[in-house]
Each structure stands twice: as structure tokens, then as C-alpha cells.
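Hi everyone, thanks for coming. I'd like to walk you through one model today, so let's get it up on the screen.

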Amino acid sequence: MESKVGIVGAGIMGRMLAHELLLKKWTVTLYDRGQTLADTSCSYVAGGMLCPISELVEGSRLVYELGVQSLLRWPDIIASLKEFQEVYFRREGSLLVAHCSDRDEWKRLHDRLSPLVSSHEMKKLTRSQFSEIEPELDCRIMEAILFPNEGQIDNREILTALGSSLQKQGANLRFAEEVVSVKPHQVVTKTTSDTFDWVVDCRGLGARTDLKDLRGVRGEIITVIAPEVRINRPVRVMHPRHPVYVVPRSNSKYLVGATCLETDDQGPITVRSMLELLSASFLVHPGFAEAKIIETNVQCRPALDDNNPQVRYRRGLVHVNGLYRNGFLVAPALADEVTQLLTQSSQPRWDLCREVA
Ligand SMILES: Cc1cc2nc3c(=O)[nH]c(=O)nc-3n(C[C@H](O)[C@H](O)[C@H](O)COP(=O)(O)OP(=O)(O)OC[C@H]3O[C@@H](n4cnc5c(N)ncnc54)[C@H](O)[C@@H]3O)c2cc1C
């Protein structure tokens, strides 16, 4: 039985996998070039939406299934981390809303989704029904669909909680350390060359030297404090260019995101994106006009050709990548799958692991 693993990349994927393998009594070394909170990672800026049905709109049944499975796993994972950090996690559903001008597009989307999900996963609400669950939403909103099983998680809190738990459980955390190359059984840094039974590459976009088909998809996101707004669920608003959503966090904090642009430019947020995101938030709730902008962030999502996550392996080396805009949505189920591959404890559940030469 193999038992010593070197994981490169401490974003959500690397941390979740390290957590799983420690539970299986593996000896874990986790490398990252960033500091303890993985502040150089894509995971650090994510919105934390856990909304699998939105992915069906884009056509990915695999992400939907990984997401549904992960949503079942999150409560136990969070409970097991309670002694390190309270993690903001809600599963009270999410809303897709439309104003009058976007009604036709909203209806098309509704009709496309209806045959793909069961009736308990998606519910068209009347005006009075959605006023009841989110009374403060803009009164000009004409249409709403509730996805009752969806939710949201605070990305930075879960990264912190996993990091503290890994440390307590004896993982060797090698942060602020640049990895120069990953090879079967071997991780090379600027100062060391370390040997393992398995090396797992979770470098996100940092793996581009090895995965030539990996690309970056730019995402811009804004964090505001809005004491005049009380929204409990993620709200996605129909928008001609981006899937714009408002995601509630604790203490009147809201994330407004996210653009989705086919470029790996990581420069600061543009005026256009700022205007589009903030005007969309104002259309969800007029109280956002008085909100204070406390942060803007830009990162590029690691994506492969089909925008699905992939696991590519050969003896001694596994690449887990392509989490695109769904890292938090899929990480628990994906970590289970990779754990099964490494431990050969049971048959893989999804067809996403590919042996490569
Ligand atoms: C604006 C935005 C909003 C998003 N919203 C959501 C959302 O609502 N829900 C959702 O599920 N997902 C969301 N995502 C997507 C999610 O953030 C990504 O899918 C996820 O973060 C990818 O995780 P990862 O662990 O694969 O990569 P990363 O998080 O990028 O982690 C890779 C790590 O590898 C390290 N690394 C790379 N190269 C090296 C090297 N050579 N040496 C040492 N360390 C290295 C990096 O420092 C980094 O910490 C969003 C993304 C963006 C940009």
C-alpha cells in the first residue's frame, strides 16, 4: 500500500485532497508558493457559490453530478473542522431572477433546464412566493426560479479551516516555496528534491508548463459591505454578457461577481466590468447604491478544453486540474475520486480519470 504523497498547490483542490488522504493515514506534504492562506490562488478570490444546476445550463452533467455529491459532503467536512474555524456555509437555495426586459431569455433558460432536473430541484415562484422568502428584492423583478438545494460557502474561511486542520494533523506544510518541477514520484523545489510514492499536481494555472491545453479564464469580482441590504440566498440575475450573481456572506458582506472572459490577463478590474457588475447588483436591490466597496479581485480560472475537471495519471504522478469556475462546487467529490484512484479502495464513480503515457 502506497502511503507517502507530495501534493503541489494548496488551493481548494490541494487542501481538500490532503485532508482526505490524512484521514486515510497517509503521510502528506503540501507545497505552495503562496503564504498560509493561498493568497496567490484562484481559490482565494472565488465567490463560493455551490450551484450545480447552473452548470447544466452550460451543458456539463459531470460537474452537476460532482456538485450534487459535494453538496451532500460539505456539512460533515465543515463540522469536522469546527474546532479550527467556523465556516460560513448555507444551503437554503439560490434564486435566478429576471426583470421585464430579460423575461424572454429567462423563459428560454427555464424551458431548457426543466427537462434536465427533477421537480424538487427547481421551482418557478410567483411574485408573492419569492417576496415571502426574499422580501427585500427589487420590486420590479418579474420572474424567479428557486433552486432549493443549492447554497454558498465562504471560500477563505474554508481554506483557513482546512489549513489549520492539516497542520494539527501533522501534514508537512511547505508554504512560500516555489516548486520547479513535478515528476513521477518526485517534487523539485529551488532547494530540495523530494521523493514520494505519489505526487499529485494541484497547481491550477501553475501547471501550464506540463498541461499544454490548460487556459486561463479571467474572472473579476467585487466585495461590498451593504448594511441596508438583507438577502439570504445567492441571487443570479439575467444579464446579456455575464452570469452576474450577488452572494451573501456574514456581517452584511456581499460578493458581486463574476465576469467570465477568455483571456489570461490578470490585470486590475476594468471600468466596464465594474459598471456592469455594480449596476446588476443595484437591479437586485437598490440598497447596494449605498454599499461600500471593500475589495476588488481578479484571477484566472484554470480551464481545459471541455471546461470539465480532469484527472490525468501515470504511475507516481497525478494531475488534477480544469476546475474552471467550479472548484468549491466539486472539490469534495473530486478529492474522493482521486483518493480512490490512489488507494484503489473502490471503483471510480465517474468517468474522469485518464491514464496518460
Ligand atoms: C472571480 C471568480 C469567481 C469564482 N466563483 C466560484 C464560485 O462561486 N464557486 C466555485 O465553485 N468556484 C468559483 N470559482 C472557481 C474556483 O475559484 C476555481 O475553480 C478553484 O479555485 C481552482 O482551484 P485549484 O485548487 O485547482 O487552483 P488554485 O486555487 O489556483 O490553486 C493552485 C495553487 O497552486 C499554487 N502553485 C501554482 N504553481 C506553483 C508552483 N510552481 N510552486 C508552488 N505552488 C504553486 C498556487 O500558488 C495556488 O495556491 C471562481 C473563480 C473566480 C476567478
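What you see is a predicted model, where local features need pLDDT of at least 70, side-chain atom pairs count only at pLDDT 80 or more, and totals for chains, interfaces and linings use all residues. Residues are numbered from 1 along each chain as its sequence is written, and side-chain values use heavy atoms, leaving out hydrogens and water.

Let's begin with the charged pairs. By salt bridge I mean a side-chain nitrogen of Lys or Arg within 4 Å of a carboxyl oxygen of Asp or Glu. How many salt bridges does that rule give? The count is 24.

Take Glu 136 and Arg 230, whose side chains form a salt bridge at 3.5 Å, N to O. They sit 94 residues apart: Glu 136 is in the loop between helix H5 and strand E7, and Arg 230 is in the loop between strands E14 and E15. Those labels are DSSP runs numbered from the N terminus, with helices (H or I) of at least four residues and strands (E) of at least two. Glu 136 counts as partly exposed because its relative accessibility is 24%, while Arg 230, at 52%, counts as exposed.

Next, please find Arg 325 and Glu 55, another salt bridge, at 3.6 Å from N to O. Arg 325 is partly exposed, at 26%, but Glu 55 is buried, at 7%.

Now a pair with both partners buried or exposed? Arg 218 and Glu 220 form a salt bridge with their closest N and O atoms 2.8 Å apart. Arg 218 is at 3% relative accessibility, so it counts as buried, and Glu 220 is buried too, at 0%. Elsewhere, salt bridges with shared partners join Glu 20, Arg 73 and Asp 336 into one network.

On to His 319, which you'll find in strand E20, residues 317-321. His 319 is buried, with a relative accessible area of 9%. Its side chain makes a polar contact (N or O atoms within 3.5 Å, one able to donate a hydrogen and the other to accept it, with sequence-adjacent residues counting only if both atoms are side-chain atoms). The partner is the side chain of Asp 201, at 2.7 Å. Setting aside neighbours within four places in sequence, His 319 also has contacts, meaning heavy atoms within 4.5 Å, with residues including Val 182, Asp 210 and Gln 310.

Finally, the nonpolar cores: sets of buried Ala, Val, Leu, Ile, Met, Phe, Trp, Tyr and Cys residues joined through side-chain atoms within 4.5 Å. Which residues touch the most other members of the largest one? They are Ile 7, Trp 74 and Ile 158, out of 54 residues. H8 supplies the largest share, 10 residues. Beyond four places in sequence, the contacts of Trp 74 include Ile 12, Phe 89, Ile 158 and Phe 328. There is also a second, separate core of 26 residues, with Leu 137, Val 244, Ala 280 and Val 284 among them.

That's my tour; over to you for discussion.

Definitions and conventions: Buried < 20%, exposed > 50% of the residue type's maximum accessible area, 1.4 Å probe, protein only.
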